[in-house]
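Please find below a colleague's note on the model. The sequence and structure come before the comments.

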Amino acid sequence: MIAACARRQSAARAARAAMAAVAVMAAMAFALVAGFAAVFGASGARAQSAPDYAVILAAPDRSDADRQADKRRDPTPLLVFAGVRPGMKVLDMGAGGGYSTELMARAVAPNGVVFGQNPADLGDKPKAAFDARMQTPAMKNAVADVRPFDDPVPPDMQNSFDLITFLFYYHDTTYMTVDRAAMDRKLYAALKPGGFLVIADHAALAGQGTSVGKTLHRIEESTLRQEVEAAGFRVVGEGNFWRSAADTHDFPSYKPTVPVDNFVLKFQKPQ
């Protein structure tokens, strides 16, 4: 009887030891997963390191027209500021002829995707340029997104994008038939929690708001910021790399007599 009791006690101790070992292993596994998430982020796209943007810009298959555009406004600091990486899903608002869309497509390659948004009534010249660009190998992971500004992606694509870029086109929506409040809400809905919206535009003078959108093709920075923040975004970064103190802000931005003063803002959808 004593021997049987001893055997039962020994078995109980062994069971407790086994359970403790399992608990330790589970804790270690949880810590490993949590550490991985903390280092690499919740999104697989964010886990990938930034590409060499200089190599992207020097790609031999880029067009001469795009290289000339690089000289007017070096895109490298924007790519760095936006943090575009391989594997990301990007929405490029107001793609026009697709210059910025192609840059994003090259940066998210090989396993990312870029949606180049343009409205159906886009002008013939930029439409032809975008269509021609879509036939090139550099755009193999790009999608033509022909939708209105205030409804830029299908409803089933909410919480889908890592990054949205809106470059030098927001001011145009101020004189178009666009519900900007609805547009900003749709952009917010399209982003994943923690995703970013990067907007660059031509600066107007203080107090001008949206009043010179059509005449000077500019918008007051504080006005744009207030509109976008009203949709739920918060500003997390400001880029001064395209600023120009020489700009008098009294001429159309598309006919520059001196370098145009451009602001760049990075907004985030809260986690």
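1. Confidence. This is a predicted model. The mean pLDDT of the protein is 87, with 83% of residues at 70 or more. Residues 1-46 are a stretch to set apart: the pLDDT there is below 50, and beyond near neighbours in sequence the stretch has 16 contacts in the model. Where pLDDT is low, the predicted coordinates should not be read in detail.

2. The sheet. Seven strands make up an open sheet of mixed pairing, and their order is β3-β2-β1-β4-β5-β7-β6. The edge positions belong to β3 (142-146) and β6; each has a single partner strand, so one side of each lacks a neighbour in the sheet. From one strand to the next, the twist averages 20 degrees.

3. The β6-β7 pair. Five bridges join β6 and β7, and the sense is antiparallel. Within this part of the sheet, Gly239 stands opposite Val264 of β7. The two strands cover residues 234-239 and 262-268 respectively, and the loop between them contains Ser244.

4. Helices across the sheet. Helix α7, residues 180-190, lies across β1 (89-93), β4 (161-167) and β5 (191-202), and runs at about 140 degrees to β5. Helix α8, residues 221-229, lies across β5, β6 and β7; its angle to β7 is about 15 degrees.

5. Ser244. Leaving aside neighbours within four places in sequence, Ser244 has contacts with Pro259, Val260 and Asp261.

6. Arg243. The side chain of Arg243 meets that of Glu221 in a salt bridge, at 2.5 Å from N to O. This pair links distant parts of the chain, since Arg243 is in the loop between β6 and β7 while Glu221 is in helix α8, 22 residues apart. A relative accessible area of 34% puts Arg243 in the partly exposed class. Arg243 also forms a salt bridge with Asp261, where the closest N and O atoms are 3.3 Å apart. Both Asp261 and Arg243 lie in the loop between β6 and β7, so this pair ties together parts 18 residues apart in sequence. Asp261 is buried, at 8% relative accessibility.

7. Arg218 and Asp247. What does Asp247 form with Arg218? The two form a salt bridge, with 2.9 Å between the closest N and O atoms. Here too the pair links distant parts of the chain: Arg218 belongs to the loop between β5 and α8, Asp247 to the loop between β6 and β7, and they are 29 residues apart. Arg218 and Asp247 are both buried.

8. Salt bridges overall. Side chains of opposite charge can pair when their charged atoms come close. With nitrogen-to-oxygen distances within 4 Å as the cut-off, the count of salt bridges is 15. Those described above include Arg243 with Glu221, Asp261 with Arg243 and Arg218 with Asp247.

Notes:
Residues are numbered from 1 along each chain as its sequence is written. This is a predicted model: local features need pLDDT of at least 70, side-chain atom pairs count only at pLDDT 80 or more; totals for chains, interfaces and linings use all residues. Side-chain values use heavy atoms; hydrogens and water are left out. pLDDT is the predictor's confidence in each residue, from 0 to 100. Contact means heavy atoms within 4.5 Å. Helices (H or I, at least four residues) and strands (E, at least two) are DSSP runs, numbered from the N terminus. Two strands pair if DSSP finds at least two bridges between them. Axes are lines fitted to C-alpha atoms, for helices over the stretch in contact, and angles run from 0 to 180 degrees between N-to-C directions. Buried means under 20% relative accessible area, exposed over 50%, partly exposed in between (1.4 Å probe, protein chains only).
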